[in-house]
Amino acid sequence: MEANVPALRQQGAVTAKAHGPKSGEYLTFRLGSEEYGIDILKVQEIRSYEQPTRIANAPDFIKGVVNLRGVIVPIVDLRLKLNCATAEYNSFTVVIVLNVKNRVVGAVVDSVSDVLELSRDAIKPAPELSSASVDTSFITGIGSVGERMLILMDIEGLMSSAEMGLMDAAIAA
């Protein structure tokens with residue numbers, strides 16, 4: 001199940017988060033060989049992966065939509081969005097159902113690990129990279145738990161970005 005390290009290659013300038021990472025509970029998950037964390041308060045539920053209905057002319061990272069108890073939910077494969085080397089669909093592949101700016105969105109990940117509480121002391125600021133080819137604007141910090149390093153993501157910012165095309169401009173602002 002281990003894959004090559006995903007690269008966060010996107011266009012755009014790199015800016016540091018003024019508010020910095022905050023302590024709290026994070027849902028941890030794997031994308032390739034890297035472990036990520038997102039604010040648990042953004043997570044609605046975790047579901048097994050099911051093949052979504054494809055949407056014509058959608059970008060590759062938008063796998064399609066599923067009907068979740070009467071709500072049509074767009075499904076984004078974070079492995080494709082973040083340029084992971086591989087994106088296999090197996091029994092560990094799950095969809096994290098998120099509530100982002102009052103909109104339900106699904107995020108496909110390799111596997112979910114656990115929920116961790118991180119203190120502010122356990123979180124270091126995101127690295128500042130000057131290269132235009134690496135966008136760290138959706139990384140809020142790096143969490144350290146023993147030997148584990150977690151890349152903490154601003155999942156709401158990523159999912160509501162104009163590049164994703166999932167939110168109306170009025171909602172995303």
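This is a predicted model: local features need pLDDT of at least 70, side-chain atom pairs count only at pLDDT 80 or more; totals for chains, interfaces and linings use all residues.
Biologist: Which side chain of opposite charge is nearest to Lys63?

Modeller: Lys63 sits in strand S4, which spans residues 62-68. Its contacts beyond four places in sequence include Pro52, Thr53, Ile75, Leu80 and Tyr89. Lys63 is buried and has no salt bridge. A salt bridge needs a nitrogen to oxygen distance within 4 Å, and the nearest side chain of opposite charge lies 5.3 Å away; that residue is Asp77.

Biologist: How much space lies in the largest cavity?

Modeller: A search of the whole structure returns 2 cavities of 30 Å³ or more. The space in the largest cavity is about 60 Å³.

Biologist: Which residue forms a salt bridge with Glu50?

Modeller: Glu50 is among the residues that line the largest cavity. Glu50 counts as partly exposed because its relative accessibility is 39%. The closest N and O atoms of its salt bridge are 3.2 Å apart, and the partner is Arg47.

Biologist: Is Glu35, the salt-bridge partner of Arg30, buried or exposed?

Modeller: In the salt bridge between Arg30 and Glu35, the closest N and O atoms are 3.7 Å apart. Buried means under 20% relative accessible area. Glu35 has a relative accessible area of 8%, so Glu35 is buried.

Biologist: How many residues apart in sequence are the parts that Asp114 and Arg148 tie together?

Modeller: The side chains of Asp114 and Arg148 meet in a salt bridge at 3.3 Å, N to O. Asp114 belongs to strand S8 (residues 111-118) and Arg148 to strand S11 (residues 148-153), so the pair ties together parts whose separation in sequence is 34 residues.

Biologist: What separates the C-alpha atoms of Asn102 and Lys42?

Modeller: Asn102 is in the loop between S6 and strand S7 (103-109). Asn102 counts as exposed because its relative accessibility is 79%. Asn102 and Lys42 are 60 residues apart along the chain, and their C-alpha atoms are separated by 10.0 Å.

Methods
Residues are numbered from 1 along each chain as its sequence is written. Side-chain values use heavy atoms; hydrogens and water are left out. Helices (H or I, at least four residues) and strands (E, at least two) are DSSP runs, numbered from the N terminus. Buried means under 20% relative accessible area, exposed over 50%, partly exposed in between (1.4 Å probe, protein chains only). Lys and Arg count as positive and Asp and Glu as negative; His and the chain ends are not counted. Contact means heavy atoms within 4.5 Å. On a 1 Å grid over the protein atoms alone, a cavity is a set of points where a 1.4 Å probe fits but cannot get out, and a pocket is an open set with protein on both sides within 12 Å along at least five of seven lines; lining residues have an atom within 4 Å of a point. Grid points are joined across faces, edges and corners, and a volume is the space filled by probe spheres set on the points.
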